[in-house]
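Opening the notebook on this one.

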Amino acid sequence: MEPHQIVSREEWLVARRRLLAREKEATHLRDAINAERLALPWVKVEKTYRFDTLEGPKTLAQLFGPRSQLIVYHFMLGPGWAAGCPAAPSWPITWMAPCRIWSTMM
Amino acid sequence: MTLTAVSRAPLAEIEAYRKRMSWRFPWASSFESEFNFDFHVSFRATDLAGESVFYNFTDLEPEQANDELPGLSAFSRNEAGEVFHTYSSYARGPEELVGTLMILDRAPKGRNEDATMNFVRRHDEYEDAPNTSACSARPAQPPSPETRNA
């Protein structure tokens with residue numbers, strides 16, 4: 001780890017308030033971006049996509065269940081990977097962490 | 001809102017992996033569907049052998065791509081049953097979904113990584129991981145890139 005300057009509480013507070021201003025900018029920018037995301041136009045899905053699920057084959061419309069909104073997480077697991085997902089640093093494992101969180105959420 | 005994972009692996013392979021990881025979220029297979037290709041997260045060998053692949057709304061050199069890449073897509077369904085694509089995000093775009101990263105960002109050493117998320121291991125691959133039960137698969141050897149891109 002980089003060596004850090006050790007300062008008094010008062011000096012720390014000055015530096016922390018400077019960072020807080022930047023953090024607030026990021027929060028407000030995220031709010032603005034979230035609003036722009038909601039305002040994006042939509043594209044009608046014309047194809048009928050079919051998926052295999054534990055409950056049998058389903059179309060994209062059926063993946064919604066009884067709800068009107070669907071988020072699909074595109075999980076990187078290609079055919080033939082199951083026996084050999086890269087254990088070394090690689091993109092497939094990037095999404096394990098969210099899925100670990102989701103599994104506790106759901 | 002419904003949240004589901006989708007992968008191009010056949011369902012039996014997804015299930016084997018899900019069991020190993022003890023995950024319980026919904027996870028569908030798009031194996032015989034164009035879905036992954038249409039939403040730009042899977043790439044055919046012919047795409048990867050070409051001049052560029054389209055990922056994250058831009059043309060990437062095939063060397064920077066893979067046969068599978070991550071992303072997130074959102075859809076809306078109306079009362080008539082019509083489905084609309086409302087949003088997609090790729091690469092580091094959905095990073096805020098990884099709550100672990102947001103926690104690490106506030107730790108003294110931050111993510112402490114030298115490449116994006118290269119510190120992440122599967123739960124059974126850490127040195128102090130508990131012994132896996134008899135019915136769990138052992139961690140597999142990583143395949144060679146040639147095999148994965150075959």
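I started with A:Val7, which is partly exposed at a relative accessible area of 34% (buried is under 20%, exposed over 50%, partly exposed in between, with a 1.4 Å probe and protein chains only). A:Val7 sits in the segment before helix H1 (9-38) of chain A; helices (H or I, at least four residues) and strands (E, at least two) are DSSP runs, numbered from the N terminus.

This is a predicted model, so I kept in mind that local features need pLDDT of at least 70 and side-chain atom pairs 80 or more, while totals for chains, interfaces and linings use all residues. Residues count from 1 along each chain as written, chains are lettered from A and ligands numbered from 1 in written order, and side-chain values use heavy atoms, without hydrogens and water.

Next, the pocket (an open set of points on a 1 Å grid over the protein atoms alone, where a 1.4 Å probe fits, with protein on both sides within 12 Å along at least five of seven lines; lining residues have an atom within 4 Å of a point). Which residues lie nearest the centre of the largest pocket? I found A:Arg37, A:Ile71, B:Leu72, B:Ala74 and B:Tyr87, out of 22 lining residues. H1 and strand S4 (69-74) of chain A, with strand S5 (71-77) and strand S6 (83-90) of chain B, each give two or more residues to that lining. S5(B) gives the most, with 4 residues.

Last, I checked chain B: 5 helices and 6 strands, running β-α-β-α-α-β-β-β-β-α-α from the N terminus. Of its 150 residues, 46% count as buried.
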